[in-house]
Amino acid sequence: MNRERFDAWLRNIYGTQDEEISCTECFDLVSRFVELETSGRDAVAELPKVKQHIEQCRACRDEYENLRDLARFENEGGAPSLDNLRSSIR
Amino acid sequence: MLSMSNERTNDEWLHDLNASGESQEVAIADLRDLLLRAALYFFSRNLGDFGGLNRDEILQRAEDCAQDALIALMDHLQDFRGDSKFTTWAYKFAINFALMSARHERWKGVSLDELPFSNEGTFSEWALQDKSDGIAPDRSALQNEVRETVQDVIEHDLTDKQRRVILMMVFNEVPMDEVVRHLGVNRNAIYKMLHDARRKLKSGLQARGFEVGETLALFSSQG
């Protein structure tokens, strides 16, 4: 583990809270979290436990980031079409 | 251009999906397209995970993810509270399956019992090999103390299961869903083991006087 990764892990360790939500609870709330974010509201203030979980959990963070980006595309009317996506797979 | 699926309101989605006959069939077909789009979107950003597959196989994986997501979503349709757009709520099911599929493809040939960091000697090897060059001696000494503390907590305070999961996920960067598959438990159980381990590591560091700000500063980018 290089220093950069150890540094990131230390941040996770120090960011640990006594009570954290589970991956299932995060999955349940993440669409609301993204909805708040994409509508310009303060998602972190309203759902701090989701923010804390996605900082700690790589799997949930990956899902969140993709969901956020898709939701943004859709809100902006730029969601990629199936044909475009299919041709982006090579 | 917006597709049909984007033109339904949340209520219309629920109404059509719960209807019968043609309006339900059309809604399910639209929903399936929407889920396929999310799966393909994830795959297109993670093509590196599919090195061993050709294009048709990847497209088929995306179809499989969309189908699995459709089944899971319909099972949970009554859980939709309307606190987000229906499409955002739906996308997460497809992304969840797409992520599992992509990570599994990347890791499928790897034996999780034979990882580089997988035994008792791992931590002392890690502590020794991770010396950084060009750092002031006093800072380097403090960094070593932090590493030794972490090593000590891992070796003495964690349970066997916690230690095993830390080794896999933190030291070997195995994705959570592969650990889930390997150990035969769910994500929540793995998350709990990691959480409990972090709590022990945090209190172990604090008990030895390593408070958050100064400790993180020791490892942040060097000036």
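## Chain A: elements and overall form

Helices are DSSP runs of H or I with at least four residues, strands are DSSP runs of E with at least two, and both are numbered from the N terminus. In this predicted model, the elements of chain A run α-α-α-α-α-α from the N terminus on, and the secondary structure of the chain comes to six helices and zero strands. Residues are numbered from 1 along each chain as its sequence is written, and chains are lettered from A and ligands numbered from 1 in the order in which they are written. Because the model is predicted, local features need pLDDT of at least 70 and side-chain atom pairs count only at pLDDT 80 or more, whereas totals for chains, interfaces and linings use all residues.

Along the principal axes, the C-alpha atoms of chain A fill a box of roughly 45 × 35 × 20 Å. Among contacts in chain A between residues at least 6 apart in sequence, 60% join residues at least 24 apart, a contact being two residues whose C-beta atoms, placed from the backbone, lie within 7 Å.

## The interface of chains A and B

The contact takes 47 residues from chain B and 40 residues from chain A. On the side of chain B that touches chain A, the elements giving two or more residues include H2 (21–45), H3 (55–75) and H4 (86–107). The residues of that side divide into 24 nonpolar, 11 polar and 12 charged (Ala, Val, Leu, Ile, Met, Phe, Trp, Tyr, Cys and Pro count as nonpolar, Asp, Glu, Lys and Arg as charged, and the others, Gly among them, as polar).

The axes of H1(A), residues 3–14, and H10(B) come within 9 Å and cross at roughly 170° (axes are lines fitted to C-alpha atoms, for helices over the stretch in contact, and angles run from 0 to 180 degrees between N-to-C directions). H1(A) is therefore roughly antiparallel to H10(B), where angles over 145 degrees count as roughly antiparallel, under 35 as roughly parallel, 65 to 115 as roughly perpendicular and the rest as oblique. In this contact A:Arg3, A:Phe6, A:Asp7, A:Leu10, A:Arg11 and A:Tyr14 meet B:Val212, B:Thr215, B:Leu216 and B:Phe219, giving six nonpolar, one polar and three charged residues.

## Helix packing within chain B

H9(B), residues 187–207, and H6(B), residues 137–156, have axes that come within 9 Å and cross at roughly 135°, and the two helices are therefore oblique to each other. B:Thr149, B:Val150 and B:Val153 of H6(B) make the contact with B:Lys200, B:Leu201, B:Gly204 and B:Leu205 of H9(B).

H7(B) also packs with H9(B), at an angle of about 100° with the axes 9 Å apart, which makes the pair roughly perpendicular. Here B:Lys161, B:Gln162, B:Val165, B:Ile166 and B:Met169 in H7(B) meet B:Ile190, B:Met193, B:Leu194, B:Asp196 and B:Ala197 in H9(B). These residues divide into seven nonpolar, one polar and two charged.
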